[in-house]
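Subject: Handing over a structure

Hello,

Here is the structure I promised to pass on. Please open it and keep it in view while you read the notes below.

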Amino acid sequence: PNAHAPWYIQGLALFWAGQKDKAQSYFTKAIEMGRKTGDVFFFRAMAGLSAGQPDDVLNDINKAISDSRTADQLVKQDQKKGYPVSNAIRQDFYTRLYYLRANVLNTNFQRYDEALADINHAIDSSVRKNSLHYRERGDIYYLKKQFDQAYLDYRQAVELEPDMAKTWSAMGQSALYLGRYR
């Protein structure tokens, strides 16, 4: 009945060992063997990012988001390992999924309005402020040529994490487009 389990477990081991291409094939085999839950789609999407397969990644992210059991399963895995688990961790998982989908929609498909909706969802539902979320939203606004909004988000990102050189650079570019020279 759980013929998929060894494939999934080995996929996780390979994923955490940095062998994402091999992990992706193990996750695919787990899916073929009957594991069609959000957690396996999440990890296959993460592994697929490094393989440059944005269509497959987006499809897997959508499946992970639509499976309400995804976070619950990951929480159970963490509990079995003895990690502390809370609703905040569960919420953070969904925040990561929406951030990831926003990034893929923005970077690979130039679907800025959809990406903006997802990153806004990630920011609004996040347990804590995350500089990467503001950086992503700044990037989307920048590409939409909404430089005032981009500047504000980049500024928020550097306030949260001042050592982000790329964000400082992006904020400077936005300032130039706004005519703010110093």
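What follows is a short tour, from the whole protein down to single residues.

**Overall**

This is a predicted model. The protein has 182 residues, and 43% of them are buried. It has 10 helices and zero strands. Read from the N terminus, the order of elements is therefore simply α-α-α-α-α-α-α-α-α-α. The accessible surface comes to about 10,100 Å². Carbon and sulfur atoms account for 50% of that surface. I also looked at contacts between residues at least 6 apart in sequence. Of these, 54% join residues at least 24 apart.

Nonpolar side chains tend to be buried together in soluble globular proteins. In this model, the largest nonpolar core has 43 residues. Helix α6, residues 87-109, gives the largest share of this core, with eight residues. Which residues have the most contacts inside the core? They are Y8, F27, V40, F43, I61, L97 and I119.

Set aside residues up to four places away in sequence, and F27 touches Y8, G11, L12, F15, V40, F43 and R44.

Two packed helices are described by the angle between their axes and the distance between the axes. Take helix α1, residues 5-16, and helix α3, residues 38-49. Their axes come within 11 Å and cross at roughly 35°. The crossing of α1 past α3 is left-handed. On the α1 side, the contact is made by Y8, L12, F15 and W16. On the α3 side, it is made by D39, V40, F43, M46 and A47. What kinds of residue are these? Eight are nonpolar, none is polar and one is charged.

**K20, beside that pair in the tour**

K20 belongs to helix α2, which spans residues 20-32. Its relative accessible area is 26%, so K20 is partly exposed. Leaving out residues up to four places away, K20 touches L14, F15, M46, A47 and S50. F15, M46 and A47 also take part in the contact of α1 with α3. K20 and G48 are 28 residues apart in sequence, yet their C-alpha atoms are 7.4 Å apart in space.

Y142 is in helix α8. Y142 counts as partly exposed because its relative accessibility is 23%. How far apart in space are Y142 and A170, which are 28 residues apart in sequence? The distance is 8.6 Å, C-alpha to C-alpha. Beyond its neighbours within four places in sequence, Y142 is in contact with F147, A150, Y154, Q173, S174 and Y177.

D153 sits in helix α9. Is D153 buried or exposed? At 4% relative accessibility, D153 falls under the 20% cut-off, so it counts as buried. Neighbours within four places aside, D153 is in contact with Y134, R137, G138 and Y141.

Most residues other than glycine have a negative phi. Two residues here are worth a look on that point.

- Q110 is not a glycine, but has a positive phi of about 50°. Q110 lies in the loop between α6 and α7, the latter being residues 112-125. Q110 counts as partly exposed because its relative accessibility is 46%.
- K145 is not a glycine either, and has a positive phi of about 65°. K145 is found in the loop between α8 (131-143) and α9 (147-160). With a relative accessible area of 63%, K145 is exposed.

**Where to start**

Then turn to the crossing of α1 and α3. After that, go on to D153 in α9, and finish with the loop that holds K145.

Best wishes

Methods: Residues numbered from 1 in each chain as written. Predicted model: local features only at pLDDT ≥ 70, side-chain atom pairs only at ≥ 80, totals over all residues. Heavy atoms only, no water. Axes fitted to C-alpha atoms, helices over the stretch in contact; angles between N-to-C directions. Helix = DSSP H or I, 4+ residues; strand = E, 2+ residues; numbered from the N terminus. Left-handed = near helix turned anticlockwise from the far one by under 90°. Contact = heavy atoms within 4.5 Å. Nonpolar A, V, L, I, M, F, W, Y, C, P; charged D, E, K, R; others polar. Core = buried A, V, L, I, M, F, W, Y, C linked by side-chain atoms within 4.5 Å. Buried < 20%, exposed > 50% of the residue type's maximum accessible area, 1.4 Å probe, protein only. Areas by Shrake-Rupley, 256 points an atom, 1.4 Å probe, with all protein chains shown as cover.
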